[in-house]
Amino acid sequence: MARIDMRKTHRLGMAAVLGLEGYSRTHLPKRLYELVKLRASHLNQCHYCINMHTTALSKDGETPERMAAVATGTLPHPLFDDRENAALILTDHLTRIDPATGISDDVWAQTARHFDETQLGNLVLGIATINVFNRVSIATRLEA
């Protein structure tokens, strides 16, 4: 059972997060964004979001093998193209920021090879958005 229903108790705050989600959803390729959201959700062990994004990817025709590869975290992975691998690797680094180094120049440069500046900024916002949702879901104990 959820500890608190943030949609009821903190409507304005959740509306702001949903606004960021709406922006990200319309500024990133749908499948790529769902893969990023699934990867971050696995890293954060947010079962509510893992279920949601696995379902969305399945409905969109994503293969079970690729979804399983997102869960294993072995990156780069041969089932993903270079652009997808770069996005997933950046997701790992932005979700689990190293306190000593932050995001390395190598990771940033690798990602920037596949995304222009606008796309890269949109990707960063998308990764940040799913991390907000994961933390809210985990803190409030939303159930899948």
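Helix 6 passes helix 7 in a left-handed crossing. Left-handed here says that the near helix is turned anticlockwise from the far one by less than a right angle, while clockwise would be right-handed. Helices are DSSP runs of H or I with at least four residues, and strands are runs of E with at least two, numbered from the N terminus.

Before I go on, this is a predicted model, where local features need pLDDT of at least 70 and side-chain atom pairs count only at pLDDT 80 or more, while totals for chains, interfaces and linings use all residues. Residues are numbered from 1 along each chain as its sequence is written, and side-chain values use heavy atoms, with hydrogens and water left out.

Back to the pair. The axes of helix 6, residues 82-95, and helix 7 come within 9 Å and cross at roughly 150°. Axes are lines fitted to C-alpha atoms, for helices over the stretch in contact, and angles run from 0 to 180 degrees between N-to-C directions. That angle makes helix 6 roughly antiparallel to helix 7. The cut-offs are under 35 degrees for roughly parallel, over 145 for roughly antiparallel, 65 to 115 for roughly perpendicular, and oblique for the rest.

Which residues of helix 6 and helix 7 meet? From helix 6 they are Ala86, Ile89, Leu90 and His93, and from helix 7 Val107, Trp108, Gln110 and Thr111. Contact means heavy atoms within 4.5 Å. By class, this contact has five nonpolar, three polar and no charged residues. Nonpolar covers Ala, Val, Leu, Ile, Met, Phe, Trp, Tyr, Cys and Pro; charged covers Asp, Glu, Lys and Arg; the others, Gly among them, are polar.

Next, helix 7 (residues 105-112) and helix 8 (residues 117-140), whose axes come within 10 Å and cross at roughly 120°. The two are therefore oblique to each other. Trp108, Thr111 and Ala112 of helix 7 meet Leu120, Leu123 and Val124 of helix 8. That contact has five nonpolar residues, one polar and no charged.

Helix 3 and helix 4 pack at about 155°, with axes 9 Å apart, which makes helix 3 roughly antiparallel to helix 4. Their crossing is left-handed. Among the residues in contact are Arg31, Glu34 and Lys37 of helix 3, with His53 and Thr54 of helix 4. By class, the contact has six nonpolar, four polar and three charged residues.

A pocket is an open set of points on a 1 Å grid over the protein atoms alone, where a 1.4 Å probe fits, with protein on both sides within 12 Å along at least five of seven lines; lining residues have an atom within 4 Å of a point. Of its 20 lining residues, Met14, Tyr48, Met52, Phe133 and Leu142 are the closest to the centre. Helix 8 gives the largest share of the lining, five residues. The lining has eleven nonpolar, three polar and six charged residues.

Last, the backbone. The peptide bond from Leu75 to Pro76 is cis, with omega near -5°, and Pro76 lies in the loop between helix 5 (64-72) and helix 6. Gln45, in the loop between helix 3 and helix 4, has phi near 55°, a positive value in a residue other than glycine.
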